[in-house]
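Reader: Can you walk me through the ligand site? Keep it quick.
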Amino acid sequence: MSKFVMDANWLHWHQSPTKPSFVVPEGAVDAHCHVFGPGDQFGFAPERKYTPCDASKQQLWDLRDYLGFSRNVVVQATCHGADNSALVDALEASSGLARGVATIKEDISDAELDKLHAAGVRGVRFNFVKRLVDALPFDSLKRIADRIVTRDWHIVIYFESQDLPELYDFFTSLPTTLVVDHMGRPDVTKPVDGEDFALFLKFMAENKNVWSKVSCPERISVDGPSKEYQDVVPFARKVVESFPDRVLWGTDWPHPNMKSHIPDDGKLVNMIPLFAPTKELQHKLLVANPMRLYWSK
Ligand code: 0GY
């Protein structure tokens, strides 16, 4: 029994997802997912903005196998702050089938960074979503970036589209590969070839170190699950077709902070061919790109 009580409005992940009809290529990587606790083993951070249900590494591996995936990239969730113990535990138990993205503070020691790397961490996450974290000041993030660049790690950046203009210059000043969560959360009520999304496409076009996850249609969609998140498809497809060598895909299991509904993970997998319509694009998205970023060093 966890000593933590999940938030009253917390939505538990889907208990019986559809078996996907889309068969992912051999060696596919779910490149965005999380573990939560279990809280009695790995407590949640005092500064967290939400308390989730437990979501263990074994439950994540079970989903991986059920959906036909081979590997995971586990991203440190904000509810664990900069204590990466649950993440490291999952990576160490994964038999090399999971890599990680950590959250660190600038005073982390070299020995701790070495330990994270040995466990399988290959990046850090900078989160600018205000409802999730109080973001660190730019100069502190810059010092973290300078620490990790020497290890050839990358930086995962999470922001919402309305904040890209003010973050743009900071992002382009960063010295390593940047991976944007969920396409920078575009406003899909605006046109895919409109001004807003153009800034995101320019960010990727002019900065060859910028990658994007084409993930979380369930968060981005206004149409919602009854219309199968179709309003997100043109945005994801545009990113995949424009930058086929710099895109990743992930389930986002266990879907933290979904308030309207919880997605069916199998149906999310079935959307992949809409985002990446050819076998070649699917292989890059699910195998070649994540293997290059996470398993080649
Ligand atoms: C996501 C999205 C969210 C949460 C987190 O670390 C987190 O707490 O990432 C969100 O609430 O939008 O990528 O899982």
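Author: Start with Thr 78. One of its polar side-chain atoms lies 2.5 Å from an oxygen atom of the ligand. That is a polar contact, a pair of N or O atoms within 3.5 Å.

Reader: And what does the model rest on?
Author: It is a predicted model: local features need pLDDT of at least 70, side-chain atom pairs count only at pLDDT 80 or more, and totals for chains, interfaces and linings use all residues. Residues are numbered from 1 along each chain as its sequence is written, and side-chain values use heavy atoms, with hydrogens and water left out.

Reader: How far is the polar side-chain atom of Arg 125 from a ligand oxygen atom?
Author: 2.8 Å. For Arg 219, an N or O atom of the side chain is 3.3 Å from an oxygen atom of the ligand.

Reader: How much of the ligand's accessible area does the protein cover?
Author: 100% of the 340 Å² that the ligand has on its own. Areas come from the Shrake-Rupley method with a 1.4 Å probe.

Methods:
Polar contact = N/O pair within 3.5 Å; in protein donor to acceptor, adjacent residues only side chain to side chain.
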